[in-house]
Amino acid sequence: MRVFFCLLLLGAAGCASAPSQTSTSPTPARDSAQTDFGRGLTSTPNADPFPSTYVPFPSRTTVIRNVNLLTAAGPLIRSGAILMQNGKIVAVGASVTAPADALVIDGAGKYVTPGIIDDHSHLGVYAAPGGNALSDGNEATSPTTPQVWAEHSVWPQDPQFPRNLAGGVTTLQVLPGSANLIGGRSVVLKVVPGRTVQAMKFPGAKYGLKMACGENPKRVYGQRGGPSTRMGNVAGYRAAWIRAQDYRRKWDKWNADHKGDPPTRDLGLETLAEVLRGNMLVHNHCYRADEMAQMIDIAHEFGYKIRSFHHGVEAYKIADLLAKEGISGSLWADWGSFKMEAVDAVKANLALVDHAGARAIVHSDDPSGSQRLNQEAAKAMEAGAEIGMLVSEEQAIKWLTINPAWALGLDDRIGSLEAGKNADVVLWTGDPFSVYSKPEKVWVDGALLYDRLDPSEQWRTDFELGFIPLNRN
Amino acid sequence: MIPYRIFSQLVVATVVAATIGTTTAAQTIAITGGKVYPVSGPPIENGTVIISNGKITAVGVNVPIPAGAQRIDAGGKIVTPGFVNSSTQLGVQEVSAVNDTRDMSARGRDNIAAAFTVWEGLNPNSVMLAPARKEGITSFVIIPTGGLVAGQAALADVVPGTTTDMIIRAPVAMVAEVGDPLSVGLSSRGEIIVKLRELLEDTKFFRTHRDAFDRAQSRPFAASRLDLQAMIPVIEGRLPLLITVDRASDIDAAMRIARDYNVKLIIGGGAEAWMIADKLAAARIPVLTGAMNNIPAGFAALGQRQENAGLLRKAGVQVALIGNAGGGDEEAFNVRNLKQEAGNAVSYGMTWDDALRAVTLAPAEFFGAADRIGSLQPGREGNVVVWSGDPFEFTTRVEHVFVRGREYKEKTRQDLLIERYRNLPGTHNAPLPE
């Protein structure tokens with residue numbers, strides 16, 4: 001059966017690498033949560049002190065048939081089908097065999113895509129309804145705070161979470177803000193109800209490190225001891241990495257020989273050392289082309305990699321460099337001009353970066369825009385088309401799914417509709433790049449967690465009870 | 001390529017020529033074969049729009065085409081009035097984080113700046129204008145911001161020239177902001193209402209006791225002489241009071257004020273307006289709102305929802321759409337996203353026709369300029385857009401945009417940047433291709 005689907009998915013890159021098993025039993029989240037730390041040992045005795053407790057929600061075997069599928073792993077499948085079972089995608093193709101117990105949904109005229117992934121969110125750390133009490137995104141007390149972890153600021157009852165899910169977003173990277181040169185650890189969350197942050201954490205996801213260039217750090221610290229200039233910013237990054245190299249060396253030595261007392265732990269340096277070991281992914285807020293090029297040199301100097309430049313309004317000026325370095329661009333479709341470092345924003349940025357061969361990602365940095373990343377992508381596609389740089393829907397869907405999955409190091413688990421991947425799936429009322437289309441149903445790990453047609457399947461956070469009127473007429 | 005400055009001066013020269021009656025063949029334009037949405041009437045299949053000397057002169061089927069008219073074939077395309085974004089800081093805010101490009105707020109006295117005429121700071125050379133026009137925005141309302149009474153709003157066309165050339169009507173509204181006491185130096189929302197009432201009372205008194213005031217024989221007022229003077233048209237019902245306000249109870253309070261002082265009220269923002277839609281409809285109070293925000297972004301906006309605009313229309317409220325997504329400078333660089341608001345409004349319950357009206361004729365009516373813009377009728381300004389398809393869809397392009405009868409095709413700053421960098425390493429030392 002699998003061979004059959006692969007033949008149908010001619011040219012689909014995913015077939016060759018898809019896992020061989022056609023069904024999997026629900027995996028206890030803790031098992032897969034054993035963080036697969038990559039190259040180098042971790043410096044700490046407890047590398048995962050706040051482990052994910054996420055358990056997939058109950059799901060039933062589901063087939064969506066007669067539906068158009070944008071898989072992010074090959075050409076559009078018109079009037080095809082997808083089978084989800086035990087939380088995984090089991091089959092995708094022109095048709096699938098529905099198991100006897102399957103719920104079969106007719107998707108005539110509708111579209112199916114992978115769950116949307118927003119790799120730049122502040123949900124939970126800047127929770128609604130806002131105000132000082134819920135402003136937990138910037139530890140703006142020192143320009144270098146690698147010791148803070150965004151997850152310790154996330155409020156799981158932020159009413160923005162269910163709205164994001166209703167926008168088809170199934171995975172979020174929640175980042176600290178950009179006040180600091182080094183702002184702290186990000187956390188990757190599934191957009192699911194949870195009493196605790198741990199219950200939302202994506203099992204096994206690597207941590208990200210938030211760094212920020214340019215105007216924000218120098219503005220925030222200019223009158224508070226610095227940095228007050230861009231050159232001060234760069235000195236700040238380098239000083240931090242020099243300390244981190246030293247720290248890493250001491251710990252790596254002790255980990256190897258266990259001679260004498262272990263070095264004293266330092267939370268911030270521990271995080272930076274993990275980046276140097278390749279165990280964490282760097283997400284760098286940076287607008288200007290010249291600054292991005294300097295950040296790349298700093299990464300070379302200290303031997304780490306930048307996984308994604310965020311905002312990158314001038315990414316199109318160095319798209320060739322991003323492609324060469326294997327750095328993705330997490331970009332807006334049309335934000336710009338709101339500050340000096342954003343005045344060269346062009347709507348074709350995503351298309352230009354994509355055409356240069358770098359990974360383009362539509363990100364939001366905004367709780368409202370995050371709900372309509374499909375629309376943002378559509379604007380960027382059109383901007384490309386207007387300058388003769390056509391972007392197909394098959395390519396643009398990658399901006400929302402497999403490319404951000406890569407930026408989070410999760411492209412082996414999410415981001416495309418391929419057998420073996422997590423069943424994070426969105427059923428859209430129509431072409432997702434139309435202004436008139438909306439997510440109708442959203443599944444996370446095969447569990448239906450949002451249904452526009454059924455208010456009982458619409459998650460309301462604790463905060464919303466009583467405070468927010470039920471939107472029923 | 002003609003440098004922008006020279007280009008715009010050329011255009012100014014021709015526009016000025018047109019207004020003093022010089023007619024040339026190129027100044028008559030015939031847009032033929034498109035599906036024409038006059039907005040003031042039903043759509044016209046295979047319709048013709050004639051623009052002459054800057055004004056629309058004919059709209060319909062079988063309209064004779066004047067000899068020598070420049071013909072625009074709009075077969076298979078959609079023709080609408082130019083879009084009107086009725087809540088912008090276009091031209092008064094260039095780079096919002098750069099202070100010397102921000103001219104949309106006044107210090108005023110005690111958070112009252114009624115005399116502030118925001119359009120005096122309008123910059124006709126703003127690089128924000130062309131991107132807006134390129135995507136179909138031909139007119140815009142400049143809204144002053146900040147304080148309890150922020151100042152007076154103006155309506156302008158996106159045309160080159162001087163500020164005077166751009167303005168259609170000014171003032172078009174007095175703007176007040178209600179609902180955030182701390183931002184106006186007060187302690188509670190009730191106190192804001194008291195302060196507004198005090199201002200209106202003092203305006204009434206000032207209006208009839210000017211001589212006493214001038215002789216310094218009147219009691220102290222809540223506002224300066226110029227502010228009181230500026231408020232007089234508001235209490236005379238000649239100038240609408242646009243109150244930006246979100247919470248339903250605050251909207252209700254604003255409505256009580258309007259009733260008590262015979263003020264012509266417009267609600268701006270109005271996140272929770274849907275909760276009292278029937279009352280707004282009964283009082284014939286129009287609302288400016290968007291369709292791209294459902295975030296309970298504060299305790300005053302817990303009921304914010306994307307269906308707001310559609311529900312208001314359903315209840316009979318007149319609605320103009322404005323940007324309300326809450327990010328990305330929708331009041332300046334992204335005023336162009338009005339069409340996206342309209343598409344989302346449709347997606348969340350507004351009819352398509354109502355959404356088109358909400359970005360054209362409705363705002364023109366609210367701001368007293370329906371005789372100039374907002375519809376395709378003889379005598380209106382030649383503000384016309386030819387779209388490749390449904391104006392609200394992302395795949396649709398603006399194929400032609402006319403403002404006061406002139407077509408604009410000039411390159412935006414963004415176009416120039418793309419030309420420079422589309423082939424890397426860039427062509428900043430090489431001649432640019434035309």
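Domain bounds here come from an automatic or database domain assignment, and the model through which this tour leads is a predicted one.

Where they meet, domain 1 of chain B contributes 23 residues to the contact and domain 2 of chain B contributes 24. On the domain 1 side, look for α1 (4–19), β5 (78–81), β15 (398–403) and α13 of chain B, each of which supplies at least two residues, with α1(B) giving the most, four residues. By class, the residues on this side of domain 1 of chain B are 13 nonpolar, six polar and four charged.

**Stop two: a pair of helices in chain B.** Now select helix α4 (residues 189–208) and helix α6 (residues 225–235) of chain B, whose axes lie 9 Å apart and which pack at an angle of about 95°. Angles of 65 to 115 degrees count as roughly perpendicular, so α4(B) is roughly perpendicular to α6(B). To see the contact itself, show the side chains of α4(B), including Leu199(B), Leu200(B), Thr203(B) and Phe206(B), which belong to the group that meets Leu228(B), Met231(B), Ile232(B) and Ile235(B) in α6(B). The residues of this contact between α4(B) and α6(B) divide into seven nonpolar, one polar and three charged.

**Stop three: the side of chain B that touches chain A.** Display both chains, and find the 42 residues of chain B that are in contact with 44 residues of chain A. Helices α10 (338–347) and α13 (413–421) of chain B each supply at least two residues to the chain B side, and the largest share, five residues, comes from α10(B). This side of chain B comprises 20 nonpolar, 16 polar and six charged residues.

**Stop four: a sheet in chain A.** Finally, move to chain A and colour the six strands of an open sheet with mixed pairing, in the order β8-β10-β11-β12-β13-β14. Strands β8 (182–185) and β14 (360–362) of chain A stand at the edges, each with a single partner strand, so one side of each is left without a neighbour in the sheet. From one strand to the next, the twist averages 20°. Within this sheet, zoom in on β12 (residues 306–311) and β13 (residues 328–331) of chain A, which run parallel and are joined by four bridges; in β13(A), Ser330(A) is the bridge partner of His310(A).

Conventions: Residues are numbered from 1 along each chain as its sequence is written. Chains are lettered from A and ligands numbered from 1 in the order in which they are written. This is a predicted model: local features need pLDDT of at least 70, side-chain atom pairs count only at pLDDT 80 or more; totals for chains, interfaces and linings use all residues. Axes are lines fitted to C-alpha atoms, for helices over the stretch in contact, and angles run from 0 to 180 degrees between N-to-C directions. Angles under 35 degrees count as roughly parallel, over 145 as roughly antiparallel, 65 to 115 as roughly perpendicular and the rest as oblique. Two residues are in contact if their C-beta atoms, placed from the backbone, lie within 7 Å. Ala, Val, Leu, Ile, Met, Phe, Trp, Tyr, Cys and Pro count as nonpolar, Asp, Glu, Lys and Arg as charged, and the others, Gly among them, as polar. Two strands pair if DSSP finds at least two bridges between them.
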